[in-house]
Every structure is written in C-alpha cells, then in structure tokens.
4 protein chains.
Amino acid sequence: MRVAVVGLGYWGPNLARNFAKIPGVAVAALCDRDKTKLNDIALGYPAAKKTASYTALLKDRSLDFIAIATPLSTHFSLAKQALAAGKHVLVEKPMTKTGAQARELIALAKKNRLLLAVGHTFVYTSAVRYIKHLLQKKALGRIFYYDSTRINLGILQPDTNVIWDLAVHDFSILNDIFPEKPLSLRAFASSHMRMTFEEMAHLILTYEHNVTAHIHVSWLSPVKIRRILIGGSKKMVVYDDIEPSEKIRIYDDSVPVHPTSVTPFAPAYRSGNVLIPHLDQTEALYRELSHFVTCIRKHTTPETDGAQGLKVVEMLEAADRALRTKSEVTLI
Amino acid sequence: MRVAVVGLGYWGPNLARNFAKIPGVAVAALCDRDKTKLNDIALGYPAAKKTASYTALLKDRSLDFIAIATPLSTHFSLAKQALAAGKHVLVEKPMTKTGAQARELIALAKKNRLLLAVGHTFVYTSAVRYIKHLLQKKALGRIFYYDSTRINLGILQPDTNVIWDLAVHDFSILNDIFPEKPLSLRAFASSHMRMTFEEMAHLILTYEHNVTAHIHVSWLSPVKIRRILIGGSKKMVVYDDIEPSEKIRIYDDSVPVHPTSVTPFAPAYRSGNVLIPHLDQTEALYRELSHFVTCIRKHTTPETDGAQGLKVVEMLEAADRALRTKSEVTLI
Amino acid sequence: MRVAVVGLGYWGPNLARNFAKIPGVAVAALCDRDKTKLNDIALGYPAAKKTASYTALLKDRSLDFIAIATPLSTHFSLAKQALAAGKHVLVEKPMTKTGAQARELIALAKKNRLLLAVGHTFVYTSAVRYIKHLLQKKALGRIFYYDSTRINLGILQPDTNVIWDLAVHDFSILNDIFPEKPLSLRAFASSHMRMTFEEMAHLILTYEHNVTAHIHVSWLSPVKIRRILIGGSKKMVVYDDIEPSEKIRIYDDSVPVHPTSVTPFAPAYRSGNVLIPHLDQTEALYRELSHFVTCIRKHTTPETDGAQGLKVVEMLEAADRALRTKSEVTLI
Amino acid sequence: MRVAVVGLGYWGPNLARNFAKIPGVAVAALCDRDKTKLNDIALGYPAAKKTASYTALLKDRSLDFIAIATPLSTHFSLAKQALAAGKHVLVEKPMTKTGAQARELIALAKKNRLLLAVGHTFVYTSAVRYIKHLLQKKALGRIFYYDSTRINLGILQPDTNVIWDLAVHDFSILNDIFPEKPLSLRAFASSHMRMTFEEMAHLILTYEHNVTAHIHVSWLSPVKIRRILIGGSKKMVVYDDIEPSEKIRIYDDSVPVHPTSVTPFAPAYRSGNVLIPHLDQTEALYRELSHFVTCIRKHTTPETDGAQGLKVVEMLEAADRALRTKSEVTLI
C-alpha cells in the first residue's frame, strides 16, 4: 500500500514515521507548500516523491491512501479532492470546520467505496482502551461524571479557539467510552491575550442516566495538566496523561450509595486499594494507522470513521453555539 | 478577655485551642448540647465553665466574646441572642443561611457597638496574604483569571450542598484579593449519591476588566485537590494547599501580550524562573483570632467583619439562584 | 492501670495523649525537671500528679507503669530505678547508651518479673506490619536488598550523632521484618557544621543469603525524604513515609532471575502492575502502647521488649566501632 | 568537516542526528557490523557511505572525524586505529577499559596533533553548567557534600558492572564542578541476579576541605531516580534529572554554621525561598558535538578531552580496586 502524507508541520512527520513502520506500507509521497519542510523530512524518505503540488499528487495513480495533516480550514477541500480522485483518506482532527462539510465527505466516501478515517488518536491509546474496557465490564458501577483538565501555556492557534484545539480530544474520548447519549451542552469561555479566539473554556455536558461531563481547556495555564477523573459508584479512575508510565490509577474507594439508617446524612468515605495497571507501550499513532491499513485491506469500518469525526464536529459546533447564545444547547 | 466557644464538633476545639494561646485571653466557657463532646474537651480547660445551656451562658456577665461553631442553620439565632446580650461575636462561615439574616446581625452589632466577625480563616493564611500582596503590587500584570479546584471524597454534609460547604472558601478569598467587582455568576451542579443536596459543582464568575473566575468543588473525587491558579499578563501563581511547605509557586513565564508583527497569531510561550517563597508558618486560625481580639481591644473593624460575611452569603445565594433558574445571575 | 510519663519534651506528650485513650488506663503522674513543660501539659491532665522529682514519683505505690521519654543519657539510670521500685517500664529508643546497660536492665526486669518494653514505634506502623506480612508470605520472592533514605534539614541533636538519632529506626525495622541474620556492618559518616557528632552517614549491612541493607541518614539535606526500597526477585516495595495516604507501593515488575539462553546477558526489565494497598489508619503509637498494656495484663512478652532494644543498641555500637576503626565490623 | 559515526546501537544514531544539525558538518559515513542497524539508520542519511568494515572506513581520506559509540571493550582498539590513520576522534564514555589504554591514546593524539575527545555528555547539560556556575560564584558557601542517586530497573549490561555503566556519569560531573581534589574512595557493591557483574553499588569519596561524595547506582530499583543533592553552608541544590522542565531547585535554607552561645547544641534549621531557574533547552549532545567541532577548527582543547576521560577511568579502576580489596583506596 502506497501512502502520501500531506502537510509536514508538527504532526505530519509523525504520520510518516509510523506509516513507514507498518509492514507492507510505503511512504510513497510527501507534500507541503513549504519547500523547507519538504526538504527537512525528505532526507529520511529517499524513495518518496516530494511535491508542493497537491493536484500533481492526486494524479499519481500508484497512490492508495492520502493522509491529511494540514490546517483545519483546508481539511474539507483536500479530503474531497482525494476522495474524488479515488484515494482512501485519513484526515486529522477536527475532521472539518462544519458538520455539513463532514456529511458531504462521508457521502462521497460511501459513494466511491473508499475509507474515510479521522485521526482521533486518543481513542487508540492504551489508557483510553483500558478505561473503555473497565466501563464495558461495569467495573466502576454506576457512572457519575467525567472531568477533564487539559491546560497548558500556549501555543495560541492562529485560526481557531481552544475548544477546537483541545476539547476535541475529550469529545472523541467521551464518544468512544460512554454508551450514554449526550443530552445538552453549556459553555463558558474567555479571551485575555488576543481578543479573537477564546483562550480558556469550561464545557458542561449532561448525559442520559444523570451522567455529567466537565471539560476545562486553556492555553493560559502556567502548569501543564492532562488529567481526567471518572467517578462511579464502585470505583473511580484518574487518568494522568503526563505520567510517563503510571497513567491510570483505579481507586477502590467510593462513597457508599446506601448510607445506613443510623447515619442517614453523613456517609463518610471509605477508602480502599489503588491499582496502577501496566499498560501496553505501543505508540497509539502506530496502532491507529495499522488499524486504518487493516480496514482498507479487509474492507471494514475504522473505529474513528467519518461518522465519528462528524459527531465530534457537531459537538464543537454546539459549543460554538452555546458560547454565542450564552445558553444551554440541546444535543440530538 | 473572657471567651466562650459554642459548638464543640470538628472546628470548635480548634477555636478553643487557639484562643487559649492568645495572651490575655481566657477560654472561660464551653457550650454544646452533646455532653460527651463537652466532657471530651473540658479536661483540657479545667478552669472553663461547661454547659449545655446557651441561655445560661449568655447570662454570664463575665463573658466578653462568644465564638459560634455550630451548624449553619443555628448561626443566625445564636449570634442574634449573643449580640442582644451585649457580647462580641465570632460566627463561623458561612455567616448565615440568608442575606437578610446577615444584614439583621450587622445592624444589631452596629446598634450595640459590638464586634461581629466571621471566621473566613483562609483570608488569614500566609498564602492568601502573600497572593494579595502580589496583586496589590501589580506583580502579575493584568489579571486574566482565578481558577480553583477544591475536590475530595466525602464528607457529604447533612444540611447543605457542596457549594455552601467548599466554594464558600473561594468566595472569601476572591473578595479579599480582587479589588474588581464581580458582575455575574453561572452555576452547574449535580447530585449522584443522595438526590437532595448537590455533591459537585462548577461556578463561573465574571468580573470587571475581563477577569473571570472558575470554581470546581466536589465531594465525589477519588483524589484530594486544593489548587488555585491565578493567571496574569506578567506572572502566574499556583497555590497548592496540599503541599506542606511549598504552597505557592510564582511562574515568571507568561504569554507575550503584544506578539510581534512577524508572527501575529502564534505567540509561542516563553518560560522563566519559578520562585517558591518561604511563608510564615503561623497557624492561620491563631492569626485570625488574635486579630479579632485586637479589634475588640482597639475598637477597630476586623478584615472579615459582618459586611464581608454578608458578601459571601449573597454570592452563595446567587449560586443557588443560578442553579434554580439555570441561568446567569447578575451580582450587584 | 496507672501510668506515669517521665520527660515532657517532644515525645512525652504524645505518650500521655495515647495512654489517655486506652480503656482502663489512667495518666496518673507527669514528671519533668522543667516546670514550664510540666505546667503546659498538666492542664490537659487535671487528675494527674505533677512532679519534678523522679524519686518522689517512684515512691508512689499506686503507679504501675513508668514511661521514660527523657534524653538518651538518662535512660539507663531512670529505667533501673523504676524496675528496682517494682514498676513496669517503657523506655524510649535507643534503649540505652551501651549494650552492657541494656543487658543489666533486662536482667533486672526478669528478676523482678516486670515488663521492660522499648518504644520502637515504627514496628507498630501499618506500613511496616504490611511489609512484614508480605515478607512472611514470600510475596517478594528471594530478597535482594533493603535501602533506606532518611534525610532532612536539622535538628542537630545535642548529645548524639545522626546514626543514633535516625538509623535507630531502620535497625528496629530490619530486625522486625528480616528473619535473616546480619553478618557485618560498614559505616561512613562526616560532620560539616559542628565538628563533634556525625551529621550524615551511610551504613552498609550484609545479611545471610546475600541480602544487603543500605541506610542513608542525614541532618543536612534541603529536602525531607523518608523512603525505603525493598527489592526481591518477584516484587519490589517502595515505602514512602512522607505520603499521607499512599505510603506503600508494590511493584509487580522485576528483573527475570533466569534469563533465557538466547539472551544470556541482557535480561531486559519487564514491567507489571503497581498496587497501593489501603492501610489501617490507627496511630502507631496507640497500637504500641495498647500492646504494652495488654502484655502487662496477660504477662506476655512485647514485640519490642528489652531483648529487641538490646539488639538495636548493639547495632548502634557496631556502627560506632565501624566508624572508629574505619573497617568492616562483624555482627554476631 | 566530514564525520563518520561508528557503532549504531542506542547512542550512535543520536550522534549522527546531532552532527547533521551542525552547520558545516556532514555525516559522511556510518559503520556497524550489524547490517540491519546500518540499513535502519542509513535511510535518513542518503549521502552517507554505509560500511561494515572499519578498516575500509579509515582508508577514506576525506573523513576528518571518527565518533566511536561501540561497546567499551572495543574503544581502545578502534580509537587507536583512527588516531593512527590521522583522524580526530570522539570516543564514548567510559573512554577505555584501563588507564594504561587511555594514556596510550592521549600520547598518540598528542603526537599526531589530533583531537581526542570523550563523550561525557552530562558535563554539557544546562543543569550541570548552571551548578558549576553556582559553585564558581561560591553561591552555596562552603561545600559539605555531593549525594547522587542513580537507580532504575535494568538493563543489566552484558560486559560491565553498574559502576562502569552509571557512576561514570557522576565521576565526570564531580571532576567538572569540584575544584577540590578527591583523596580516597570506598565502595560497596553486590550482585543478586547474575553472579557476575555488580548490579548495585554505593561509593563514598572524600575530598579536600572535608567535602564528601556519595554515589548510589543500581539496576535493581523498581523506581527510576536521578537525583543529585549538593549541600553547602549557605544554600543547597537539588538536581532532579527526571523532571522535564524543573531540573534544578536552589534552597536558600541551610543550617546556621555558628550557633549562638545561648543554644550551643541545637541550631534549628531556618528555611527560605526556593528558586527553580529557567534552563536553556538546547540538547546537551548538540552542545557537546558543536564544541568538539569548534575545538578542531580552532585547535583548542575540549572540556572533556582525553585527560578528563583518563581521570574518570582511573576513578572507575579505583572503584574496582576498592571492591576487590574491600578497603579504602587512595586517589592521587
């Protein structure tokens, strides 16, 4: 299978590096408008065609699969051209700027019988898979909440707000691990440096069965935090993505659901063991790309296909709407 | 000066212990309905009168100062009786259940020329004082935000929600350190264990000059976190109250406010030194009580007087209203 | 049972406080040469006799049990007098300045059929008990090493070196958890502030079956560390005594003992789960004192009796000898 | 300048990657016996000659500089051949297996007027440079000690013990930052897995002016620690190399050197601010290699030349001798 990587900024080289490790896959072409970037990476891929012309790239009939890691505003156009040219497509997250665009790509891929995958890499991490497995086994009991803090200093994105930049990860994780349907979304955001795009935000989602989610994203925090808490009636999970080898901690302790009649109002906490499970160290991006390659080979649907990408875009649009209207937005 | 401590649950004994250390102050009486509690603590105060009768206590003309550490619902009635009996009063936080009650106490204290203080202890910590000093010096530059995470597992309070239990601390800190006026408050909260009082909540406050505050309080977190971030254009502060000796970190790094024209949209973060200042280790409660005693002696107004207590109660009421109406509430 | 606490410096008040909580035990007397200390604590024990005279104390026939928390140099004389006066005795660690003194006390206690206990409190902590239980179950496999870091800034003791002050804890733990016999001891120490008593030291002990122990103690470290590592062929334990609630971590990961023939020299590490067990929160000192009281009532031998105290003193003497001779010292 | 990198295991590719970034330097040849490794890396260096023959490499007259990153046992032979062939040489640490070999290389390099550098990368880290600068300014006051803990799980080296593998870093740092001369060395080590090379060790060095150093290295620790404490009479430094961005902490607190006459024996610690300085993020290896290239161009002596490499080898030999004789070894 011959793959082209389009967009060689921060993420594109990671795609190329991981594609190159998959048996039977060749990084056959590299594309970027910026010739410096093209030269920088090209050295490592001597057999790859280097081009600044996307149109020329798409004319290469030997290419099977186009991976798009360009700025968001170009995703739709580039993906549409690739699908029209009969190429399988991986587009980075967020999939598109609007739900309408996402739906158009999905329809086109379906019509042309092509794979359309979205690079929601978090879904392929060992940590998220482990948590999903815990939830499927009902190991946490009844779910109370998901609470994510995803904050750091910079980089202020030039063309989008912090929700589209960082909350996109939480939306993909939530859609992956929670079978419950989201019901509504509220958003609070502010801008302090530039007065264009929001630089810090809090999102509140409500789900069926009294499950809530809170997401805090910011480009203006002096410390970098990547921590998700998931509370349940039996156990609770802390997922700290900064930790190099101990990302997940499972707390046995919880608050008793049915306090005794003797102490009706003061169910003091009980405390139990904490388990830090060993997680497989495979790079999530390698797992993601291998999965897409397998899906192409076997004509199956990837876990993060266009439909999943669309769901995330719709939640991002809902967040924008909630900010604009300063009110609670109903999700489907 | 002869002090009586009323209410010998968790906090009352701390009041007694600290009063006893102040030169010229005698813990002259201890009062609780529960005779076991009275006996437990009385041993340490052989000279103190022990009584279950608050009425009897107030008749003791030798007492100057009544410190009330009983459940919230009793604050108003007990404080009112004490002021009516001509005693100076310290009432624990939150001051009262309603703003109307707080105002009545303030008026009564004023009429009788008595001290009415509220036990907002955080205001007297070395950490909050240090931060207040930084803000007064404009050391952080223009203020962007205050973000507090105050979460742990249990204890579910019998008669109040998590906002009245935990966010009360942040309200007192915010009122102390920010000269800006709060403009509005939004609130989201949920209950998962009992279906009575809210067990986790997020509050969003907006202030003048584009300052925002976010407060996350919860009784349902597997980990205990007490962390406040304050972001400014020049420096940022992290105040981690769990840290035994390094509670405050001051980050020189910030995001440049005026990006150069060359890179108009991508003001990458720069990074600087971090300073962990040495803080005075005096117990905040001792400092608070000494301050009240001095105020009585010198006929001055305490930093956390009835007016400050009222402001906090009004914010708590605003939070209740925001929850009930599911909408943004204007603060005066 | 009527107890007297002798020596009201840092530790004595803790003894009094915990004795007072044991059913059937009365803190009947408090003794210290320093009348200020006597007055400070006496308030909390109105029923206790306060005296600066140890001789007077021993004449009180109503007293059953003398707890000695005075400076080391006085342990022998005070304990001897108490045993001669027919009192059960608890003496703080280290038991005495010399092994000869310890043996004399043991003989006297035996002759007079009295309890002689030593306050090696660490042996009664939940953490050490948990580790001992793991070792008894052979859960760690073959034991490789014990490595303790017990360092902080100050307080320089007036009459002893850092080994007698801090390594005493490790000796008591080692004697408690390791069934293996210690074979030899080496020591290195230095003094940098005062040129009298050593302020930092490293001790190396060898045990049967190729087990080694290393102990690092210091009064000159800017950071406080209290961490013990225990390595075994199957699992390893980290015991961090600074951690408030997660003191013990059990690592499944270890290095395979029998590398395969294919890779004879490079048994790369494998990694497994980490377990943080929930530990009982009872104060170790309460557990220790309750145990001594039970031993007196039932005429049984305490876990940390005179013989255990003697073993620790002999190891401290061996450390002194190793320092003086700059050579390896054989332990019996 | 045309460079060849010999040995493409773990470290060699890092050398090639950093050489490639230095202006005016070309990675002209890559050499390894293992053709797989040669192929793996060669892709990234299409212009480089790939060869399994070191002899052939040395015949290439266009090459200026040979960087040797092969196993220790081959260092001497490969470096000698390169110097004989008129090439400048960088050899990885430890420089050679014996001091005699190191001296022979130094003499040969001098005779042929070639650069002989040793890859003691730690010396070029921002952290070590910062510490060296502090010491040069006497900012810590009188130096008390250096204490290094460098422990982790695995990898057991096939042909050397843990001292040659890990303590080599501390020796290079000590030689770099301490002007004081080392006087003696003691060593304690043990083997628990294989019974060949030592897997854990403690080294004690004494220096002039009552400065001591302790180094703890181990392949058998469940946790990875890389922490150096440096204590002085005025300030103390903690250098934690695991920390991604806060590697160095400078503690103002220290123990007063001259206790007052009133409290002659108990100079309680005082406590001050902690500073975490911002450190330049340049990769140390890049700084090291650039320095070597500059030294070749300007005919100057590198900071870690053959003489420095020899000093470290002599300390490693001294450690072996101390282990073998179980006694204190005098350093020149």
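This is a guided tour of the model above, stop by stop, saying what to select and what is found there.

Before selecting anything, note that this is a predicted model, in which local features need pLDDT of at least 70, side-chain atom pairs count only at pLDDT 80 or more, and totals for chains, interfaces and linings use all residues. Residues are numbered from 1 along each chain as its sequence is written, while chains are lettered from A and ligands numbered from 1 in the order in which they are written.

**Stop 1: the domains of chain A**

Select chain A and colour domain 1 (2-114) and domain 2 (123-282 + 313-330) separately; these bounds come from an automatic or database domain assignment. The C-alpha centres of the two domains of chain A are 31 Å apart. Where they meet, ten residues of domain 1 of chain A are in contact with nine residues of domain 2 of chain A, contact being defined by C-beta atoms, placed from the backbone, that lie within 7 Å. On the domain 1 side, the elements of chain A that give two or more residues are α4 (72-84) and α5 (99-111); such helices (H or I, at least four residues) and strands (E, at least two) are DSSP runs, numbered from the N terminus.

**Stop 2: two helices in chain C**

Now move to chain C and select helix α4 (residues 72-84) and helix α5 (residues 99-111), which pack at an angle of about 10 degrees with their axes 10 Å apart. Axes here are lines fitted to C-alpha atoms, for helices over the stretch in contact, and angles run from 0 to 180 degrees between N-to-C directions. α4(C) and α5(C) are therefore roughly parallel to each other, a description that covers angles under 35 degrees. Show the side chains of C:F76, C:A79, C:K80, C:L83 and C:A84 in α4(C), which meet C:Q101, C:L105, C:L108 and C:A109 in α5(C).

**Stop 3: where chain A meets chain C**

Keep chains A and C on screen, where nine residues of chain A are in contact with nine residues of chain C. Select strand β14 (residues 274-276) in each of them: three bridges join β14 of chain A to β14 of chain C, and the two strands run antiparallel, pairing being counted when DSSP finds at least two bridges. Within this pair, A:L275 stands opposite C:L275.

A rotation of 180 degrees with 0.1 Å of shift along its axis superposes chain A on chain C, with an RMSD of 0.0 Å; that is the relation of a two-fold axis. Of the residues of chain A, A:L275 comes closest to the rotation axis, its C-alpha lying at 2.3 Å.

**Stop 4: where chain B meets chain A**

Turn next to chains A and B, whose contact takes 37 residues from each chain. On the chain B side, the strand β11(B) gives the most, with six residues.

**Stop 5: paired strands in chain D**

Finish in chain D by selecting strand β7 (residues 143-153) and strand β11 (residues 220-232), which pair in the antiparallel sense over nine bridges, with D:L153 opposite D:L220. A hairpin joins β11(D) to β12(D) through three residues.

Conventions. Contact = placed C-beta atoms within 7 Å. Parallel < 35°, antiparallel > 145°, perpendicular 65-115°, else oblique. Least-squares fit on C-alpha atoms with pLDDT ≥ 70 in both.
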